Amino acid sequence: MPSEPINAEPDRSGRTFPSTPDRNGRRRLLLQCAAGSLVPLWAGAASAQQSGNAITLPSISAPTEAPEKLPPPADGPSRRVGFAIVGLGHLTLERLMPAFGQSKHCKPVALVSGDRDKALKLARQHDIREDAVYDYRSFDRIAQNPEIEVVYIVLPNSMHAEYTVRAARAGKHVLCEKPMAMSASECQQMIDACRTAGRKLMVAYRSQYEPMNRAIRKMVVDKQLGTLKEFISTNSQNQGDPNQWRLKKALAGGGALPDIGLYCLNAARFLSGEEPTEVMAWTDSTPGDVRFREVEENVHFMLRFPSGFRATCHASYGAHKSQMLRLMGSDGWAELDPGYAYEGNRMRYARKEGDRVVTSEPSIPQKDQFALEMDHMAECVRTDRTPHTPGEEGLQDQRIMEAIYASARANGKAMALAQPSSPLRGPEPTSNG
Ligand code: NAD
């Protein structure tokens, strides 16, 4: 309990929340958090828990009512982790900048772009200082900007390695979009550069932070599906513009596999918690389709895992959007359809209950996946933790994708995969990030 006196202050909706005076006599508004305790609004989740200032209010609901789930408190502007965003294309403009509004621990403080007019417009929209707008040549000057703690790389795949290494050398932590890079050796260079600089490296596998994917992973850990048997998944989207970088091998590294097939591969691994021992794969493209002169339209691959669990996956750049996964165990199944969407994922599962098999669609509140993953990165920086999806996680996917392409070149010949010698993931994200 706090030693300071507690008063009541009305909020904008007329509700009253207690407040306490700080050393300067300012009144601190206290915010009720999920556990029903009260913490200073700008103090940040972690420090609030540690401050010992938690206050419990008596419940006003009958014991038969479910407790209200309130969001954990957000950090005030001065405590947030500053992000520089590199590459101002679709993902940045349409998803990441809006996600800062949902984030609890992050703020955009710098932009990197080859198009200064666009960057300045975006900077004005988000109160980013003009002298914190860089281009690719002046990028290394981010070293002199202490507001930047994390560099988020949102460039075409072929540029991920170079900008990760340069950001690490500038003393910054790195959050890098998927796929991590173009080859396993590039991934290793990125890991080494961040390790040498003593900086964190996280790959932006948003699904691993998304509540429904996490709910299925929990069902697996709690053995609610029994012994895992099979995973099937597809991720497809019909590509338009034949001139876009995604269809150029030198910029993208491949076609449907590294861009969208990667979601199926990563889900098979993180939902099962196993690493594959063998892969068989096939790629093909519609003859004469100008979009697929350099990269594959379709990829099919099968993975075998040590327990006998198998995964059958498909990705296509020519089929209409379809993003589903189903995990089958001895005692039940769970599916997401869609499962890789930015929003609107739907989960169903079936299990025997009593003497009947019941199919359920649990109600799991949606959250902005990009805000969740950025908040996780910020928490890792603040609490000196290894990210849940560090560089090693991206490197493992890259190794498997290389084996997928090798198998496809050999018309589906089985390729053996070595088991990793050390853990690939850091601790699970907390409710704060
Ligand atoms: P985009 O084409 O919309 O944006 C790319 C940006 O990079 C543009 O602003 C472009 O001007 C800039 N750029 C700099 N040098 C370039 C060059 N040589 N060629 C082309 N563009 C260049 O792409 P995007 O959809 O924003 O994708 C960026 C990255 O984010 C990719 O690695 C992609 O895989 C990843 N991504 C991830 C998700 C996700 O859900 N996690 C979704 C979309 C994209």
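**Chain overview**

A: Among contacts in the chain between residues at least 6 apart in sequence, 67% join residues at least 24 apart. Keep in mind that this is a predicted model.

Q: How many helices and strands are in the chain?
A: The chain has 10 helices and 19 strands.

Q: And what share of the residues is buried?
A: Of the 433 residues in the chain, 52% are buried.

Q: Let's talk helix packing. At what angle do helix 4 and helix 5 pack?
A: The angle is about 10°. The axes of helix 4 (residues 160-169) and helix 5 are 9 Å apart. Angles under 35 degrees count as roughly parallel, so helix 4 is roughly parallel to helix 5.

Q: Which residues make that contact?
A: Helix 4 brings H160, A161, T164, V165 and A168. Helix 5 brings E186, Q189, M190, A193, C194 and A197.

Q: What classes do the residues of the contact of helix 4 with helix 5 fall into?
A: They divide into 7 nonpolar, 3 polar and 1 charged.

Q: Now helix 6 and helix 8. At what angle do their axes cross?
A: Roughly 40°. The axes of helix 6 (residues 211-221) and helix 8 (residues 256-272) come within 8 Å.

Q: Which residues line the largest cavity?
A: The lining is K178, Y205, R206, S207, Q208, L262, Y263, N266, A267 and F270. F270 also belongs to the helix 8 side of the contact with helix 6.

Q: What about pockets? What volume does the second largest pocket have?
A: About 970 Å³. It is lined by 35 residues. The closest to its centre are H90, L91, R246, D259 and Y342.

Q: Which elements give two or more residues to that lining?
A: Helix 2 (90-100), helix 8 and helix 9 (369-383). Helix 2 gives the largest share, 5 residues.

Q: What is the lining of the second largest pocket like by class?
A: It has 14 nonpolar, 11 polar and 10 charged residues.

Q: OK, which residue does a cis peptide bond join to P179?
A: K178, with omega about -10°. P179 sits in the loop between strand 9 (173-176) and helix 5 (184-197). K178 turns up in the lining of the largest cavity too.

Q: And what joins D337 and P338?
A: A cis peptide bond, with omega about 0°. P338 is in the loop between strand 16 (332-336) and strand 17 (347-353).

Q: Now phi. What is the value for D127?
A: Phi of D127 is near 55°, which is positive, and D127 is not a glycine. D127 lies in the loop between helix 3 (116-125) and strand 7 (133-134).

Q: Is D127 buried or exposed?
A: Exposed, because its relative accessibility is 73% and the cut-off for exposed is over 50%.

Q: What about phi of K223?
A: About 60°, again positive in a residue that is not a glycine. K223 is in the loop between helix 6 and strand 11 (228-236). Its relative accessible area is 61%, so K223 is exposed.

Q: Last one, S360. Where is S360 found?
A: In strand 18 (residues 356-360).

Q: Is S360 buried or exposed?
A: Buried, because its relative accessible area is 19% and buried means under 20%.

Q: Which residues does S360 touch?
A: Not counting residues up to four places away in sequence, S360 touches M347, R348 and Y349.

Technical notes. Residues are numbered from 1 along each chain as its sequence is written. This is a predicted model: local features need pLDDT of at least 70, side-chain atom pairs count only at pLDDT 80 or more; totals for chains, interfaces and linings use all residues. Side-chain values use heavy atoms; hydrogens and water are left out. Axes are lines fitted to C-alpha atoms, for helices over the stretch in contact, and angles run from 0 to 180 degrees between N-to-C directions. Helices (H or I, at least four residues) and strands (E, at least two) are DSSP runs, numbered from the N terminus. Contact means heavy atoms within 4.5 Å. Buried means under 20% relative accessible area, exposed over 50%, partly exposed in between (1.4 Å probe, protein chains only). On a 1 Å grid over the protein atoms alone, a cavity is a set of points where a 1.4 Å probe fits but cannot get out, and a pocket is an open set with protein on both sides within 12 Å along at least five of seven lines; lining residues have an atom within 4 Å of a point. Grid points are joined across faces, edges and corners, and a volume is the space filled by probe spheres set on the points. Ala, Val, Leu, Ile, Met, Phe, Trp, Tyr, Cys and Pro count as nonpolar, Asp, Glu, Lys and Arg as charged, and the others, Gly among them, as polar. Angles under 35 degrees count as roughly parallel, over 145 as roughly antiparallel, 65 to 115 as roughly perpendicular and the rest as oblique.
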